[in-house]
Amino acid sequence: MINSKQLGQIGETAVMLELQKRGFDVININISYSNYPKADLICINAENGKSIMIQVKTGTTNNILTGFVSELDGTIPYIRENIIGPWVFVKTDKDVSKFEFYILTRDEILDLIISKIMCITVLLLNLDMDNH
């Protein structure tokens, strides 16, 4: 049975292979720095030397956790500092034999996480007001 750490490593490898097939050079940060919090991969365009850091999240369901936890007031400390590049969500099957890739830019992932937290905060505030 594959544990969550292994599943994450498989997802990172799948993204690396896909990027390499498209002609990019890729470095896995986690080889040198175990579970680096801001990114998993460095993708380098060999033609122009430009690079970008990518966060990879892998799961077998439609619900892939982001790893961010909000405060009681709905804020997420240092979210803008901790999301430094695009995220690739990798969905795989239970056998880890098929992969689907969903790519969000830094701005898209920030908007998604912040709007989700805002919705939950409003819901909790409404529930709290209903109890008074």
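Before selecting anything, a word on accessibility: a residue is buried under 20% relative accessible area, exposed over 50%, and partly exposed in between, using a 1.4 Å probe and protein chains only. This is a predicted model, where local features need pLDDT of at least 70 and side-chain atom pairs count only at pLDDT 80 or more, while totals for chains, interfaces and linings use all residues. Residues are numbered from 1 along each chain as its sequence is written, and side-chain values use heavy atoms, with hydrogens and water left out.

Our theme is the salt bridge, meaning a side-chain nitrogen of Lys or Arg within 4 Å of a carboxyl oxygen of Asp or Glu. That rule gives a count of 3 salt bridges.

**Stop one: Arg-106 and Asp-107.** Select both and show their side chains, which form a salt bridge with an N to O distance of 4.0 Å. Arg-106 is partly exposed, because its relative accessibility is 28%.

**Stop two: Glu-18 and Lys-21.** Now go to helix α1 (residues 4-21), where these two lie 3 residues apart, about one turn of the helix. Helices here are DSSP runs of H or I with at least four residues, numbered from the N terminus. The closest N and O atoms of the Glu-18 and Lys-21 salt bridge are 3.2 Å apart. Glu-18 is partly exposed at 22% relative accessibility, and Lys-21 is exposed at 67%.

Arg-22 has a relative accessible area of 60%, so Arg-22 counts as exposed.

What links Glu-18, Lys-21 and Arg-22? Show the three together and you have a network of salt bridges.
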